[in-house]
Amino acid sequence: MKKHHHIPPRFAEKILNQIIRPDLAEEVLGDLEEKFYATLVKRSSFRARLNYWYQVLNYLRPFAIRKRSGASHSNPIVMFSHNIKIARRSILKQKMYAAIKIGGFSIGIAACLLIALFIREELSYDKHYADGDNIYRLVGAYDEPGESWKGVTLPAIIKPLLEEGFPEIEKTGRLIIFDFFASGNNQFRPVNEMQNTYEEGFVYADPETLEILEIPMVYGYQTLALSEPNTLVISQKKADKYFPGENPVGRMIILNENESNPYKIGGVMENFPSNSHLQCDFILTLTGKEFWPGEQSDWNGYVYDSYLKLRPGSNPVDLEEKLLSIRDNHIVVDYESRGDQRAGDIKEYFSFQLQPVKDIYLRSDDILDNNVPHGDLKVVWVFGAIAVFILLLACINFINLSTAKSANRAKEVGLRKVVGSYRSGLVSQFMTESLVFSFISFIIGALLAWILLPYFNLLSGKSLVFPWSAWWLVPGFISSIVITGIMAGFYPALYLSAFKPIDVLKGKLSRGSSSSKMRGGMVIFQFTTSIVLMICTFITYQQMTFILNTKIGFDKEQVVMIQGANTLGKKRAAFKNELLQLSEVMTVTQSSYFPVSGTQRNGDSFWKEGRSKLDKGVGSQIWWVDQDYIPALGMKLVSGRNFSAEMASDSSAMIINQTMAKQLGLEDPVGERITVSWGRSWNVIGMVEDFHFESMKGDVEPLCLVFGQYSGSIVSVKVNTKDMAGTLASISRLWEEFMPAQPIRYAFLDERYARMYADVERTGKVFTAFAVLAIVVACLGLFALSAFMVEQRSKEISVRKVLGASLGSIFNLLTLNFLRLVLIAMVIAMPIGWYVMRKWLEDYANRIEITWEVFAITGIAVLLIALLTISSESIKAALINPAKKLRSE
């Protein structure tokens, strides 16, 4: 017996046998074998085998290659053209089924395209920085068992400490982003104009921040634009608005009518891209700024976001370890110097983290004081999953209908195999049909997505545009068409091409029933997905209704918030008195602090007087309000009294909420004295019932109200009127008398409260939209399958009618099997929906209970939708005259 390496390579022989013409095969194989042994004698075994392979490849020429059955099959282009023609005929022959396939595909593709645009936008944030890998935001993290949090606001003193002690840090810059002194919003006017304009988007920043965040300048220089005190940088769009066609560097600006403290424009920056986490139009310098005596050198003012630019090659993990020296040598020392009992906990549980700038937008959901707009990575994942599931539903329709109609294609397959067609050719034909469906569906789906994009923007709160001119669009479309076509057509192609000619021609295949279990499983999957989305929709809307209508501790109805009232100056008292003269006005209060987002906040640590060195401090908000604040907002005093303008001692008085009293351990707080971290004490004169002033995702937090008459930027007017338009007109006329150079701006407290939960409302709308799409796609498939079943069983139905079957029994025969599949889907979907929404509701401290009514309503709705979908074809079949179907028998 010859050794393995002393015989010609068998795999090469097999290839040659497959491709060479039969009349040449014996002669060629004999010649090659002789040459192999001749070479083996003269040369090595390796050289003989290599030469054999060379000779085999040499025969891959047109004259020697075996011809397939049919001349066209030797030319791939002709073959593809032939398959296209067959696909076209198939579509025209079965218009309804083709329309359902294309319609379901198009809906799924449109949904996927819209979601893909959303995900692309979310993932693109902060990718524009040239040196983005070295830019970080400093985060303080506290991780004690039972209490953990992250925060980004730190005191001013952090900047010199970072610059002096860590050579890895190239630059450090601070930002103040929330409403604090002039950051937030202001009345704005050039010094030579009298008309004020309300503007938002003011921040404070160090000059280095312009360099760290690579903010490009239109006029001025990054290093100089904020280098002098009382300078600011404005965006290009604001420069075009106020100084069209000119370079405004050096022009003077007045903020909030404070003419004694004007600002000089030091530069004009390019507009921030929409996918930047930082969005502002005015940057005020921190050069020479001290908000109160000692503010730049103590550890009390936690108001600054700190950005770092590391030197190339620096290790951020190693730097985080080194930053612990700031904790040990400065923060802990400050706590110990004040006798604060939290010093030990800070040393053990507090640390610094460096957050990459590219992670700020999507990975900041766990940061308590994150004041920049941010998204949620979980939402991106949920949207991506929804897109995949909806596309799967559309592919399932295609697979179900293709395999269900297999009996109609079986004879075609059998005859083609009899006359010599290979299975590979049949697979190629069916895959081509799938690709044709995918191509048509993508064209329609892209148009649908383009038409629906404005509505999707309203749902998602985005400003997405369809990237028609993007270089990647056409290659991406072609790839998606091919992938989707293969994904949807792979199983039907294998299934249909596997029919045996002898079975087909003997009539052993009928109704495509051999894959009925698989089709049933796919219908179950479709309705399971639809039911889960419907459950999510119902529960989201229940939670939103609960938030907007539950007792929140204050009265938000018919409260008009007049904004920008800080510019009234000495006219505040007169304006308030004039408002009170209006018959519709009940109460007027002025403050910057209100229980809705977008108003000012101020937190600090408090102790019962004399306990600051013995107890841990209680973190609480402290708000300056006047004597009309509590009545105007309908708050309830549980004990004690309200502020009074007639009592001079109330300048040192405080009203606290129930949570503050509980955390301080005060059962009856009236008469107690409370001390803040910076040393001042107040006498508690009352306790107000808890009310929600932050999102209901969390519990009610501690709150202290202190007396500050005629302070704040918002005048809130409680009215009682049925003619709100008339009341607003009266208020507007009065404002114009007092502030003719400043247009009135107002909002309603209830609308501002509802805006706090816009994300919940958007979530509900998104779930609704995609639940509708999912149920439409599922019902399209169900309708087509029911129509096909009726078509296949038409003679059986006619026979049953002749034998006396009733309309009801025939209807049950045609519908019960489908309804059984829907019921199975309900049993699977309801636990999944319950689990998903229970996890979602865990983010809310105040939440609804998931009750059985949700599942009952969803189940009844789905059953009715499914019944309506299949009943039209079933009733039509039950009413048909049996003579028409049996005439040919």
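**Pocket, surface patch and salt bridges in a predicted model**

Leucine 447 lies in helix α14, which spans residues 423-460. Helices here are DSSP runs of H or I with at least four residues, strands are runs of E with at least two, and both are numbered from the N terminus. The model is predicted, so local features need pLDDT of at least 70 and side-chain atom pairs count only at pLDDT 80 or more, while totals for chains, interfaces and linings use all residues. Residues are numbered from 1 along each chain as its sequence is written, and side-chain values use heavy atoms, with hydrogens and water left out.

Leucine 447 counts as partly exposed because its relative accessibility is 44%. The classes are set by relative accessible area: buried is under 20%, exposed is over 50%, and partly exposed is in between (1.4 Å probe, protein chains only). Leu447 belongs to a nonpolar patch on the surface. Patches are made of residues with over 30% relative accessible area and no salt bridge; nonpolar side chains (Val, Leu, Ile, Met, Phe, Trp, Tyr) are joined within 5 Å, and like charges within 9 Å. The areas come from the Shrake-Rupley method with a 1.4 Å probe, and for residues only the protein chains shown count as cover.

Tryptophan 471 is placed in the loop between α14 and α15. This residue is exposed, because its relative accessible area is 73%. Its C-alpha atom is 29 Å from that of arginine 363, and the two residues are 108 apart in sequence.

The second largest pocket holds about 500 Å³ of space. A pocket is an open set of points on a 1 Å grid over the protein atoms alone, reached with a 1.4 Å probe, with protein on both sides within 12 Å along at least five of seven lines; lining residues have an atom within 4 Å of a point. Grid points are joined across faces, edges and corners, and the volume is the space filled by probe spheres set on the points. The lining of this pocket comprises 23 residues. Cys112, Leu113, Ala116, Phe442 and Ser480 lie nearest the centre. Two or more lining residues come from each of α5 (95-123), α12 (377-404) and α15 (473-497). Helix α5 gives the most, with 8 residues. By class, the lining has 18 nonpolar, 4 polar and 1 charged residues. Here Ala, Val, Leu, Ile, Met, Phe, Trp, Tyr, Cys and Pro count as nonpolar, Asp, Glu, Lys and Arg as charged, and the others, Gly among them, as polar.

Phenylalanine 105 is also found in α5. At a relative accessible area of 1%, phenylalanine 105 is buried.

Side chains of opposite charge can pair when their charged atoms come close. A salt bridge is a side-chain nitrogen of Lys or Arg within 4 Å of a carboxyl oxygen of Asp or Glu. By this rule there are 37 salt bridges. One of them joins glutamate 228 and lysine 264, at 3.1 Å from N to O. Glutamate 228 sits in the loop between β7 (217-219) and β8 (231-235) and lysine 264 in strand β10 (residues 263-269), so the bridge ties together parts that are 36 residues apart in sequence. Glutamate 228 is partly exposed at 41%, and lysine 264 is partly exposed at 29%.

Aspartate 328 forms a salt bridge with lysine 347, with the closest N and O atoms 3.5 Å apart. This pair links helix α10 (residues 324-337), which holds aspartate 328, to helix α11 (residues 343-349), which holds lysine 347; the partners are 19 residues apart. Aspartate 328 is partly exposed at 25%, as is lysine 347 at 43%.

Aspartate 340 and arginine 338 meet in another salt bridge, at 3.7 Å from N to O. Aspartate 340 is buried at 4%, whereas arginine 338 is partly exposed at 23%. Shared partners join Asp334, Arg338, Asp340 and Arg342 into one network of salt bridges.

The loop between β9 (252-255) and β10 contains asparagine 256. Its phi is near 55°, a positive value in a residue other than glycine. Glutamate 257 is found in the loop between β9 and β10, and its phi, near 60°, is positive too. Asparagine 256 is partly exposed at 21%, and glutamate 257 is partly exposed at 30%.
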